[in-house]
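Dear colleague,

I am passing on the structure we spoke about, and I would be glad if you could look through it alongside my notes.

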Amino acid sequence: MEAVCSNIPVEKQTEKWKKWATVILAALCVAFVAVLVKAYLDGEFASVETFQKYMAGLGFIAPLFLMAFQAAQVVLPVLPGLVGCVAGALMFGAMGGFWCNYIGISAGSILAFWLARKYGKGLVGKMFPGEKYEKWALWAANSRFYTVILFLGMVLPLFPDDYFCYFTGITNMSARKFAAIIILGKPWCILAYCILASAAVA
């Protein structure tokens with residue numbers, strides 16, 4: 001009985017810390033989105049050159065910013081992910097740019113999947129035109145090859161993978177399988193972009 005009673009304050013303290021952590025994390029996310037919106041409206045992401053100049057002004061936190069930016073551009077598909085890939089490779093070299101982009105894009109992809117899994121069709125339906133949403137939802141539910149197509153989409157360029165991260169969140173695919181597809185499928189196209197960008201100025 002004493003052991004149970006002694007655990008109650010600890011549980012309350014843990015719950016309190018979780019709430020504070022959630023509030024702090026939410027505040028940081030809102031602040032970061034505000035920074036991105038301002039930079040976007042100021043034209044800082046309009047080209048590789050302006051993006052490079054913007055990141056150069058961030059000093060030693062530039063790699064962290066690039067990772068956060070690439071995560072955000074998956075969650076907010078209006079941001080230019082390719083500009084980040086190229087600028088990262090030019091600033092940090094092929095491999096430095098690759099790791100910043102790969103970590104950021106992978107994290108953003110998993111976050112988009114989690115948001116769709118948590119908030120469901122109401123969120124995803126707003127990102128797709130009505131007819132397209134119904135058509136793709138029916139196809140994904142009945143297709144035996146959805147996993148293969150999703151993996152190939154992560155590997156190949158110009159695939160609308162940001163949207164498919166959200167869309168996959170409302171399918172029956174497990175989070176573990178989706179994470180494996182992202183981790184194994186994402187690096188190749190990103191690496192190719194970074195190597196080509198770095199070689200172009202070598």
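Predicted model: local features only at pLDDT ≥ 70, side-chain atom pairs only at ≥ 80, totals over all residues.

Residues are numbered from 1 along each chain as its sequence is written, and side-chain values use heavy atoms, with hydrogens and water left out.

The protein has ten helices and zero strands, where helices (H or I, at least four residues) and strands (E, at least two) are DSSP runs numbered from the N terminus. Its C-alpha trace spans about 70 × 45 × 30 Å along the principal axes. Of the 202 residues, 35% are buried, a term that stands for under 20% relative accessible area, with exposed meaning over 50% and partly exposed lying in between (1.4 Å probe, protein chains only). Among contacts with a separation of 6 or more, 72% come from residues 24 or more positions apart, contact being taken as heavy atoms within 4.5 Å.

In helix H2 (residues 48-56), the buried residues are Val48, Phe51, Tyr54 and Met55. Seen down the axis of H2, these buried residues fall within an arc of 125° (taken from the directions from the helix axis to the C-beta atoms), so they line one face of the helix. Glu49 and Lys53, on the other side of H2, are exposed.

Helix H4 (residues 81-119) packs against helix H8 (residues 161-169) at an angle of about 40°, with the axes 7 Å apart; the axes are lines fitted to C-alpha atoms, for helices over the stretch in contact, and angles run from 0 to 180 degrees between N-to-C directions. To this contact H4 brings Ser109, Ala112, Phe113, Leu115, Ala116 and Arg117, and H8 brings Cys165, Tyr166, Thr168 and Gly169. By class, these residues are six nonpolar, three polar and one charged, with Ala, Val, Leu, Ile, Met, Phe, Trp, Tyr, Cys and Pro counted as nonpolar, Asp, Glu, Lys and Arg as charged, and the others, Gly among them, as polar.

There are 15 aromatic pairs in the structure; rings of Phe, Tyr and Trp (its six-membered ring) pair if their centres lie within 6.5 Å, and planes under 30 degrees apart count as stacked, over 60 as edge-to-face and the rest as tilted. The ring centres of phenylalanine 51 and phenylalanine 65 are 6.5 Å apart and their planes stand at 40°, so the pair is tilted. This pair links distant parts of the chain, 14 residues apart, with phenylalanine 51 in helix H2 and phenylalanine 65 in helix H3 (residues 62-75). Phenylalanine 51 is buried at a relative accessible area of 0%, and phenylalanine 65 also counts as buried, at 8%. In the pair of phenylalanine 98 and tyrosine 102, the centres are 5.4 Å apart and the planes at 5°, so the rings are stacked. Both residues lie in helix H4, four residues apart, which is about one turn of the helix. Ring pairs also link Phe32, Phe45, Phe51, Tyr54, Phe65 and Phe69 into a cluster.

Lastly, leucine 66 lies in helix H3 and is buried at 0% relative accessibility. Leaving aside residues up to four places away in sequence, leucine 66 touches Phe51, Met55, Gly84, Gly88, Phe92, Cys100 and Asn101.
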